[in-house]
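Welcome! Take a look at the sequence and the model first, then read on.

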Amino acid sequence: MADRVLVISWGQPVRGREQHGLEVLAEATALYGELQEGGRIDSFDLILMDPNTFMNGCFILHGTHAQLDAVREDMRFRRSIIDAELVVDNLTLTSGYTAEGIEQTLPLYTDAVERIPQMA
C-alpha cells in the first residue's frame, strides 16, 4: 500500500518551448501510466492549476518508499525530468508521506514540537 508520494511540480513554460512542453507532458503521463500498469507505482495524479504565479501543475506519484526510490533511478524517468527542466521553470521533485506514512512521521514532528518552548 502506498505510504509515500513523489510530487513533481513546475511553474511557467519556457517561452518559445510551449509546444515541446506539451509533448514532454504527454510522454511523462504515458510513462507514469506504464509504471502504474506494471505495478512499479500504485497510482499517479496529474493536476493542472488555474493561472497563477506559483505553480502551473504537478504530478503526484503514489507508492512505497522502495517503489519511488526505484522510479527515481529509472533511466526513462530521469530522461523525462531532464526533458522537463528544459521546457519549464521551477521544476521541483519533493518526497512526502501519505496514509500510513503520515502515521509513522507525525510522531517525529510532535516530539520535536514538544521539545521547543512555546510562546504565548
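Helices and strands here are DSSP runs numbered from the N terminus, a helix having at least four residues and a strand at least two. Keep in mind that this is a predicted model.

**The largest pocket**

- The largest pocket holds about 370 Å³ of space.
- Its lining is made up of 21 residues, and Trp-10, Gly-21, Leu-22, Leu-25 and Val-88 are the ones closest to the pocket's centre.
- Helix α1 gives the largest share of this lining, with seven residues.
- At least two lining residues come from each of β1, α1 and α3.
- Sorted by class, the lining of the largest pocket has 15 nonpolar residues, five polar ones and one charged one.

**The largest nonpolar core**

- As general background, nonpolar side chains in soluble globular proteins tend to be buried together.
- The largest nonpolar core here has 19 residues, and those touching the most other members are Ile-8, Tyr-32, Ile-41, Phe-59, Leu-61 and Phe-77.
- Two or more core residues come from each of β1 (4-10), α1 (18-37), β3 (57-63), α2 (65-73) and α3 (75-85).
- Helix α1 leads again in this core, giving the largest share with five residues.

**Salt bridges**

- Oppositely charged side chains can pair when their charged atoms come close.
- How many salt bridges are counted in this model? The count comes to two.
- One of them joins the side chains of Arg-76 and Glu-34, with an N to O distance of 2.8 Å.
- This pair links distant parts of the chain, since Arg-76 sits in helix α3 and Glu-34 in helix α1, 42 residues apart.
- Arg-76 is partly exposed, at 44% relative accessible area, and Glu-34 is also partly exposed, at 42%.
- Asp-74 and Arg-40 form a salt bridge too, their closest N and O atoms being 3.1 Å apart.
- Asp-74 lies in the loop between α2 and α3 and Arg-40 in the loop between α1 and β2 (43-48), so this pair ties together parts that are 34 residues apart in sequence.

Methods
Residues numbered from 1 in each chain as written. Predicted model: local features only at pLDDT ≥ 70, side-chain atom pairs only at ≥ 80, totals over all residues. Heavy atoms only, no water. Core = buried A, V, L, I, M, F, W, Y, C linked by side-chain atoms within 4.5 Å. Buried < 20%, exposed > 50% of the residue type's maximum accessible area, 1.4 Å probe, protein only. 1 Å grid on protein atoms, 1.4 Å probe; cavity = no way out; pocket = protein on both sides within 12 Å on 5 of 7 lines; lining within 4 Å. Points joined across faces, edges and corners; volume = space filled by probe spheres on them. Nonpolar A, V, L, I, M, F, W, Y, C, P; charged D, E, K, R; others polar. Salt bridge = Lys/Arg side-chain N within 4 Å of Asp/Glu carboxyl O.
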